[in-house]
Amino acid sequence: MTFTTANEQNAAIIDGKSMAEEIMSRIAFEVKRMKESIGKVPGLAVIMVGQRRDSQTYVRNKIKACEEAGIKSMMTELPDHCKEDEVLNALSRFNEDPSVHGILVQLPLPQHLDEAKILDVLSLEKDVDGFHPLNMGNLALRGREPLFIPCTPKGCIELLIRSGVEIMGKRAVVIGRSNIVGLPTSLLLQRHHATVSIIHAFTKNPEQITCEADIVIAAAGVPNLVRGNWLKPGAIVIDVGTNPIEDPSCEHGYRLRGDVFYEEALRVASLITPVPGGVGPMTIAMLLSNTLDSAKRAYNFT
Ligand SMILES: NC(=O)c1ccc[n+]([C@@H]2O[C@H](COP(=O)([O-])OP(=O)(O)OC[C@H]3O[C@@H](n4cnc5c(N)ncnc54)[C@H](OP(=O)(O)O)[C@@H]3O)[C@@H](O)[C@H]2O)c1
């Protein structure tokens, strides 16, 4: 396997971390302004079921980001084997609490819990993840506006816009069609007037579709799936994939790899996000931004 050297590299790196930091400092400023003007701050509640290590890390990062921005955070942790009613009760309490403006149920939930039923109960006005079917439906419908746009897809578009990419009229390919990432990303790209193709696990010869794309957004959860020869020269690549790969030399025994074969793609693409440091930090910034918007709406604060 060959790896690129600095002078073989064509692509510029999209620095999601520093873009997210910029957004976070604007959010912190707005939270401070809200506190000083009306004595209120936004509140985010998190419900976590079970002890998945990846979920624990994601939740920890979200809570830490809230603290840094001055957003109040609350958390309910339930054991893996908890009853559905316990989750629904926690959800109802947060639905009714006026100091909570955003609720997120960390997914995936354990198999025995009915994810759809739980998300249906979440108050539409506090659905900062944007997964409620009404928010998702409004995202899909022309002429309708969802109250919230899912954070990772919104972060992908933000990365493109902040990198100066014109989305309108471009050919875009989304790899993956999950409710959380792939589907809303394809809807959002269409809202920005891209021509969108979707690749999933049953797509035959996906490389024939990706190699015509100006923009590729990879969200399959398959490390190194997108090879250099899948890409059109000059393509813009957003890598959502966050896949732990065993590596005893790393501190936690694993390192993160994207869905894109980064070293190969660097030589073909014109712009690319790294993993980590691309989509991940932007997702958290979008969550806080949605929570701030929700609080502003609740307090009629402009
Ligand atoms: N950075 C972030 O903030 C962030 C946030 C969320 C997720 N992620 C990462 O994004 C990745 C996707 O997450 P997800 O929740 O959307 O995963 P998911 O629910 O497992 O969905 C994966 C999607 O990829 C498709 N797929 C799987 N293997 C494929 C293949 N070989 N070729 C083409 N398509 C394939 C599946 O197709 P079918 O529908 O046909 O099964 C499915 O639609 C994961 O690595 C996850 O960790 C990152």
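Reader: How many Å separate the centres of domain 1 and domain 2?

Author: Taken over C-alpha atoms, the two centres are 28 Å apart. This is a predicted model, in which local features need pLDDT of at least 70 and side-chain atom pairs count only at pLDDT 80 or more, while totals for chains, interfaces and linings use all residues. Residues are numbered from 1 along each chain as its sequence is written.

Reader: Which residues belong to domain 1 and domain 2?

Author: Domain 1 covers 39-124 and domain 2 covers 150-280. Those bounds come from an automatic or database domain assignment.

Reader: Why are α1 and α2 called oblique to each other?

Author: Let's set the angle against the cut-offs. The axes of helix α1 (residues 16-38) and helix α2 (residues 53-69) cross at roughly 55° and come within 8 Å. Angles under 35 degrees count as roughly parallel, over 145 as roughly antiparallel, 65 to 115 as roughly perpendicular and the rest as oblique. The pair is therefore oblique. Here the axes are lines fitted to C-alpha atoms over the stretch in contact, with angles from 0 to 180 degrees between N-to-C directions. Helices (H or I, at least four residues) and strands (E, at least two) are DSSP runs, numbered from the N terminus.

Reader: Which residues of α1 and α2 meet?

Author: On the α1 side they are Met-24, Ile-27, Ala-28 and Val-31, and on the α2 side Ala-65, Glu-68 and Ala-69. The residues of this contact include six nonpolar, no polar and one charged. A contact means that the C-beta atoms of two residues, placed from the backbone, lie within 7 Å. Ala, Val, Leu, Ile, Met, Phe, Trp, Tyr, Cys and Pro count as nonpolar, Asp, Glu, Lys and Arg as charged, and the others, Gly among them, as polar.

Reader: What makes Leu-287 buried or exposed?

Author: Leu-287 has 27 other C-beta atoms within 10 Å, so Leu-287 is buried. The cut-offs are 20 or more such atoms for buried, 12 or fewer for exposed, and anything in between for partly exposed. Leu-287 sits in helix α10 and touches Lys-62, Val-128 and Cys-151, leaving aside residues up to four places away in sequence. From C-alpha to C-alpha, Leu-287 and Ala-65 are 9.7 Å apart in space, although 222 residues apart in sequence.

Reader: How do you know that α7 is largely enclosed by the rest of the structure?

Author: Seven of the 10 residues of helix α7 (residues 182-191) are buried, so α7 is largely enclosed. Among the buried ones are Leu-183, Pro-184 and Leu-189. The buried residues of α7 pack against helices α5 (133-140) and α6 (151-162), and against strands β5 (171-175), β6 (195-199) and β7 (215-218). Take Leu-188, which lies in α7: Leu-188 is buried because 21 other C-beta atoms lie within 10 Å. Leu-188 touches Ile-149, Pro-153 and Ile-157, again not counting residues up to four places away in sequence. Just after α7, His-193 takes a positive phi of about 70°.

Reader: What is the omega of the peptide bond that joins Val-275 and Pro-276?

Author: Omega is about -5°, and the bond is cis. Pro-276 is in the loop between β11 (271-272) and α10. The peptide bond from Leu-107 to Pro-108 is also cis, with omega near 0°, and Pro-108 is in the loop between β4 (102-105) and α4 (115-121).

Reader: Which residues come nearest to the ligand?

Author: Of the 26 residues around the ligand, Gly-176, Ser-178, Ala-201, Gly-221 and Thr-283 come nearest. To be near, a residue needs its C-beta atom, placed from the backbone, within 6 Å of the molecule or strand. The shell around the ligand divides into 13 nonpolar, 12 polar and one charged. Its largest share, three residues, comes from helix α10 (residues 279-299).
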